Every structure is written in C-alpha cells, then in structure tokens.
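This report is meant for someone meeting the structure for the first time. Please have the sequence and the 3D view at hand while reading the sections that follow.

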Amino acid sequence: MNSRKRAEAEEIIERADASLLEIIDHVLNKGVMLQGEVILGVAGVDLVYLRLNALLCAADRLLPARDRK
Amino acid sequence: MIGLYAIALGAPPELTGARGEPLRVLRCGELELVHGEVPPPLSAEALRAHEAAVRRIAEGALACLPARFGCCAEDEAALSQLIESRQVELAEALRLVRGREQMTLRVHGARPAPPAAGGPGTRYLEQRRRAMTLPELDPLRSALANLVRAERVEGHSEVASVYHLIDRGGAAAYQRAVEGIRLDGLRVAISGPWPAWSFAPEIEP
C-alpha cells in the first residue's frame, strides 16, 4: 500500500463538494471493472469508500432540498 | 498501456478522453471497447475529466456501460482478452441500458425498525431484506412506476442509495414525480441524469 497515494485520495474526498462526491461515487464505486487490472495508480481509494458514504450523507445539506415543502 | 472508458454499442466518432486524447474503438464481438491513454494520476480534476469523457460517449452512443476510473490493460490484445469471457453478460447489460440513462437518489433517514415478530434469526434476515429493498420507498416506486425501467439499491447505516434507469430525456418528468411525493421521515436528494454507472454487471469477487 502506497501511503502517499492513500493520503491524496483522502484529501480529495475530504475537500470534495456535493457534486464531486456524486462523481466520486459513480466513477470510483460503479462502472465496469476489469478483473485484476483496476485502480492502477489509485491505490488506497478502496479504503476511503466507507468514509465516502458518511460524506454523501452530509452532502444533502449542500444539495438543493427537493423534498422540503 | 491503455485505459478503458466505456463498453458501448454505436459509439460516436471523434471522441476525446480525459487527457484530451482521441479515443479509439476496439471491436470485441458485438461490443465496442472505447479506450484511450492511461488515466491521469488520481485527482479531483482527473475524476471529473473521466466522468466527462464517459458522458460524451454515453450521449452519442446507442448504449454505453461506463468503465470505472483506473481500468487499464497492457494493450488492445490484453484488453480483448479481459473482456472476452464476459461478452455475454456485458451484451445483456448493454441491452438493458440502451436508450436509457440513470438517476441517483440519496435517501437519508431510512432506518427500518427491526421487526418485533420471530426469533433472532428471522428478525435479522427480515432486517437485512428491508435494508436491501427499502420498503419505505414503495410510495415513491408507485409514483415512478411509469418512468423507471430498472432499480439498484444499496443500503448503508446512514444513507441509502437508489439508482434508477429511465428512458433518455425523462429526467425532468422523473424529478417532478420525486418532488411530488412525500415520504414519512425520509429526505431524498436527486442527481442526474448520469450515464448508467450503476447498471454494469456485478463484479466478480
């Protein structure tokens, strides 16, 4: 595990606004993955997925509140 | 090394990747593997650029399954080899997403109460079932029944994510329908339309 890359990944997620968090969830958590070949140069990202979920929860304060009428 | 952007049907010409490089299309049976240079190092800009490149493919293609950021292969031959054994499931997934796009809901406050009846095992299984299916969202499902073609749900302790596949161009109607529904104790944030990120075939362990 490359700790510098992990720190970079964490920093991106910590600083992300709501729209970037949405992009991160789709681009890093979803989509077709090639077995054994994914995430070259993105080491450590998998470790922050759980953190991403917590932040997505907070993100609704930033997104327009569609449901509050 | 090459980087994969999407698996498509009828990909449009003159696409560009996250580095602004021209993308190439490699045929693998009926699949079109859209690839370019290796993705740039991880950064917020790189993630946005990957998303934007996939979006350009999805907007012009008949069908598009996005590739996760960071998918690489040694060369075209290696890429074909990685995809070949999964051609059937990928073709099936392309049929599902054809002419469609994705809407994403983040549902806050979905904490199903544990059922009172049954032994500990039954209660556990019922709780798991509810976390996977979110029956609290059934009123929303009824309101969206005419618009939603497929659904994926991911339950988490704090926020549940619901991914809906809708016909292209249906985002405004979808949004109006979601806004028109009041769900007891739940708050819902909508984003989209997206390429069909959440409708790629399940990843093998």
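Predicted model: local features only at pLDDT ≥ 70, side-chain atom pairs only at ≥ 80, totals over all residues.

C28(B) stands opposite L31(B) in β3(B). The strands β2(B) and β3(B) run antiparallel and are joined by 5 bridges, where strands are said to pair if DSSP finds at least two bridges between them.

Residues are numbered from 1 along each chain as its sequence is written, and chains are lettered from A and ligands numbered from 1 in the order in which they are written.

## Chain A

Chain A has 3 helices and 0 strands, and along the sequence its pattern reads α-α-α. Of its 69 residues, 33% count as buried; a residue is buried if 20 or more other C-beta atoms lie within 10 Å of its own, exposed if 12 or fewer, and partly exposed in between, with C-beta atoms placed from the backbone. Among the contacts in chain A with a separation of 6 or more, 85% are accounted for by residues 24 or more positions apart, a contact being a pair of residues whose C-beta atoms, placed from the backbone, lie within 7 Å.

## Two domains of chain B

Chain B is divided into domain 1 (2-97) and domain 2 (100-199), with bounds that come from an automatic or database domain assignment. The C-alpha centres of domain 1 of chain B and domain 2 of chain B lie 28 Å apart, and 9 residues of domain 1 are in contact with 7 residues of domain 2. On the side of domain 1 of chain B that touches domain 2 of chain B, the elements giving two or more residues are α1, β4 and α3 of chain B. The residues of that side divide into 8 nonpolar, no polar and 1 charged, where Ala, Val, Leu, Ile, Met, Phe, Trp, Tyr, Cys and Pro count as nonpolar, Asp, Glu, Lys and Arg as charged, and the others, Gly among them, as polar.

## The largest nonpolar core

A nonpolar core is a set of buried Ala, Val, Leu, Ile, Met, Phe, Trp, Tyr and Cys residues joined through C-beta atoms within 7 Å. The largest one has 66 residues, of which A6(B), I7(B), I57(B), C64(B) and L65(B) touch the most other members. Helix α1 (residues 44-60) of chain B gives this core its largest share, 7 residues. Domain 1 (2-97) and domain 2 (100-199) of chain B both contribute residues, so the core lies between them.

Which residues are in contact with L65(B), leaving aside its neighbours within four places in sequence? They are V32(A), A6(B), I7(B), L90(B), A93(B), L94(B), V97(B), A196(B) and A200(B).

## Helix α3 of chain B

In helix α3 (residues 87-97) of chain B, the buried residues are L90(B), A93(B), L94(B) and V97(B). They cover an arc of only 105° around the axis, taken from the directions from the helix axis to the C-beta atoms, which puts them on the same side of α3(B). On the other side of α3(B), V88(B), E92(B) and R95(B) are exposed. The buried residues pack against β1 (2-9), β3 (31-36), β4 (63-66), α2 (76-84), β6 (100-108) and β8 (159-167) of chain B. Just after α3(B), G99(B) takes a positive phi of about 70°.

Most residues other than glycine have a negative phi, and most peptide bonds are trans. E14(B), however, has a positive phi near 55°; this residue is in the loop between β1 and β2 (24-28) of chain B, and counts as exposed because 8 C-beta neighbours lie inside 10 Å. A cis peptide bond, with omega about 5°, joins G192(B) and P193(B), and P193(B) lies in strand β9 (residues 187-194) of chain B.

M132(B), in helix α4 (residues 120-133) of chain B, is exposed, with 11 other C-beta atoms within 10 Å. M132(B) and G155(B) are 23 residues apart in sequence and 5.7 Å apart in space, C-alpha to C-alpha. A143(B), in helix α5 (residues 138-144) of chain B, counts as partly exposed with 16 C-beta neighbours inside 10 Å, and the C-alpha atoms of A143(B) and P120(B), 23 residues apart along the chain, are separated by 34 Å.

Conventions:
Helix = DSSP H or I, 4+ residues; strand = E, 2+ residues; numbered from the N terminus. Contact = placed C-beta atoms within 7 Å.
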